[in-house]
Amino acid sequence: MNPYLDDDLIALGDQARRFAAERIAPGFLERDKTRVLDRGIMKELGDMGFIAPELAEIFGGLGLGSLAAGVIHEEIARADLSISYINLLASLNGQILSHHGNPSIVKPWLTQLTRGEALIAIALTEPRGGSDAANLRLRIERDGDDYVVNGEKSSISAADQADAAVVFGRTGTVEAGAHGVTALLIPMDLPGITRRRFDCHGQRAIGRGSLFFENVRVPISYRLGDENKGFVQVMQGFDFSRALIGLQVLAVARAALDETWSYVAERQAFGRPLSAFQGVSHPLADLDTQVEAARLLCLQALWLKDKGAPHSAEAAMCKWWAPKLSYEVVHQCLLMFGHGGYDRGVMEQRLRDVLGFQIGDGTAQIMKTIIARLRAGRAAVPA
Ligand SMILES: Cc1cc2nc3c(=O)[nH]c(=O)nc-3n(C[C@H](O)[C@H](O)[C@H](O)COP(=O)(O)OP(=O)(O)OC[C@H]3O[C@@H](n4cnc5c(N)ncnc54)[C@H](O)[C@@H]3O)c2cc1C
């Protein structure tokens with residue numbers, strides 16, 4: 001129990017945990033090999049109301065808070081981090097589309113999203129770099145009632161499996177920086193789009209890849225937010241996803257810890273259970289403490305969001321701390337299993353899976369710059 005989760009949220013989490021244990025966990029290892037996101041599971045998640053439950057009912061959501069999204073997210077990630085990308089992308093893009101989209105265009109997409117019938121990627125990073133995101137170069141040019149899109153997006157999660165993508169491109173000059181960027185919702189079946197899948201270290205069921213745009217015509221009604229304001233308006237959605245990513249990776253760490261505590265209490269060496277040795281139990285106790293604390297920080301960020309209070313610093317803290325900590329936790333847990341931990345299996349897959357979030361959605365350095373700017377002021381912390 002904790003002050004952020006009431007009985008209803010705990011019951012929702014329990015429901016998601018039962019579903020995930022029964023329907024998602026059994027295919028965890030297999031999906032790493034096939035590298036295919038199971039659309040059947042995605043549909044079931046939608047049927048259960050587990051995808052973007054925070055969205056308003058007119059958009060197919062349940063009108064629940066961000067904390068509800070958080071408790072579901074944790075349970076899905078506990079079973080398979082790749083599958084929980086469905087929830088992550090839906091909550092991030094759901095917020096962007098519902099706040100900044102033309103209702104007649106985005107409503108059908110949001111309905112499909114929450115039903116588990118559509119997957120929407122988010123495309124910001126380009127081959128020339130991701131940290132300096134406002135410096136992007138993909139061209140978006142107005143031509144009558146359309147925009148014409150040319151360029152490449154790189155390292156995009158679900159690039160080859162998504163049905164549409166929220167794409168950021170340059171409508172203004174390069175010198176205009178963040179103030180010359182426009183966001184579009186682009187269906188992936190439009191003429192002129194090709195895609196390529198990368199061979200990823202982890203998160204292989206969702207995967208990453210490149211999107212190539214060659215004279216792709218997108219109606220202006222598919223614009224999200226105002227022209228040249230896409231970056232400034234839409235980046236706010238990332239506070240939500242950063243707190244969710246924290247919960248996502250910490251859930252994997254918690255699963256690893258739970259299994260490791262059981263294992264070290266059973267496994268014998270030198271006539272005692274492994275846990276009798278402080279060299280085994282104290283590092284686990286240390287990491288367990290930090291996982292509890294980091295989880296509370298993530299819940300705090302979502303709670304602040306639900307209260308309409310600023311939470312950008314907390315969200316950035318979640319995003320740098322939780323992935324680093326989760327990697328340390330799973331690494332330590334793997335070592336506690338001895339040679340068995342090094343075999344292909346859940347522990348090494350978890351290690352590969354959580355590592356990606358030390359980079360994806362912004363690195364620790366960028367998160368710390370965000371925190372420093374919020375604390376010391378932007379003028380005192382130039383890029
Ligand atoms: C698993 C995964 C999923 C991803 N999913 C998506 C997605 O869905 N959509 C999307 O758009 N992108 C996605 N990305 C891309 C990701 O957002 C970028 O990789 C990330 O922002 C870093 O950009 P970069 O790789 O170009 O590194 P660079 O920007 O080239 O940075 C390289 C290194 O330099 C450091 N660095 C850069 N600038 C500074 C600075 N000012 N101060 C200190 N250090 C600095 C960085 O922290 C990093 O360690 C994903 C990446 C991964 C690994």
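Colleague: How many charged residues does the lining of the second largest pocket have by class?
Modeller: First, some ground rules: this is a predicted model, where local features need pLDDT of at least 70, side-chain atom pairs count only at pLDDT 80 or more, and totals for chains, interfaces and linings use all residues. Residues are numbered from 1 along each chain as its sequence is written, and side-chain values use heavy atoms, with hydrogens and water left out. Ala, Val, Leu, Ile, Met, Phe, Trp, Tyr, Cys and Pro count as nonpolar, Asp, Glu, Lys and Arg as charged, and the others, Gly among them, as polar. On that basis the lining of the second largest pocket has nine nonpolar and two polar residues, and its charged residues number nine.

Colleague: Which element gives the largest share of the lining of the second largest pocket?
Modeller: A pocket is an open set of points on a 1 Å grid over the protein atoms alone, where a 1.4 Å probe fits, with protein on both sides within 12 Å along at least five of seven lines; lining residues have an atom within 4 Å of a point. Here 20 residues do the lining, with Leu5, Arg17, Glu74, Glu75 and Arg295 among those lining it and nearest the centre. α1 (7-24), α4 (66-79), α8 and α9 (278-306) each give two or more residues, helices being DSSP runs of H or I, at least four residues, and strands runs of E, at least two, numbered from the N terminus. The largest share, five residues, comes from α1.

Colleague: What volume does the largest pocket have?
Modeller: Its lining is made of 49 residues, and Gly130, Ala133, Met235, Arg242 and Gly362 lie nearest the centre. For a volume, grid points are joined across faces, edges and corners, and you take the space filled by probe spheres set on the points. That gives the largest pocket about 1,700 Å³.

Colleague: Which strand gives the largest share of the shell around the ligand?
Modeller: The shell has six nonpolar, eleven polar and two charged residues. β1 (120-123) and β3 (146-157) each supply at least two of its residues. The largest share, three residues, comes from β3.

Colleague: Which residue has a backbone N or O atom 2.7 Å from an oxygen atom of the ligand?
Modeller: We're after polar contacts, pairs of N or O atoms within 3.5 Å. Gln365 uses its side chain, with an N or O atom 3.0 Å from a ligand oxygen. Ile122 has a backbone N or O atom 2.8 Å from a ligand nitrogen. The backbone atom 2.7 Å from a ligand oxygen belongs to Gly130.

Definitions and conventions:
A polar contact is a pair of N or O atoms within 3.5 Å; within protein, one must be able to donate a hydrogen and the other to accept it, and residues adjacent in sequence count only if both atoms are side-chain atoms.
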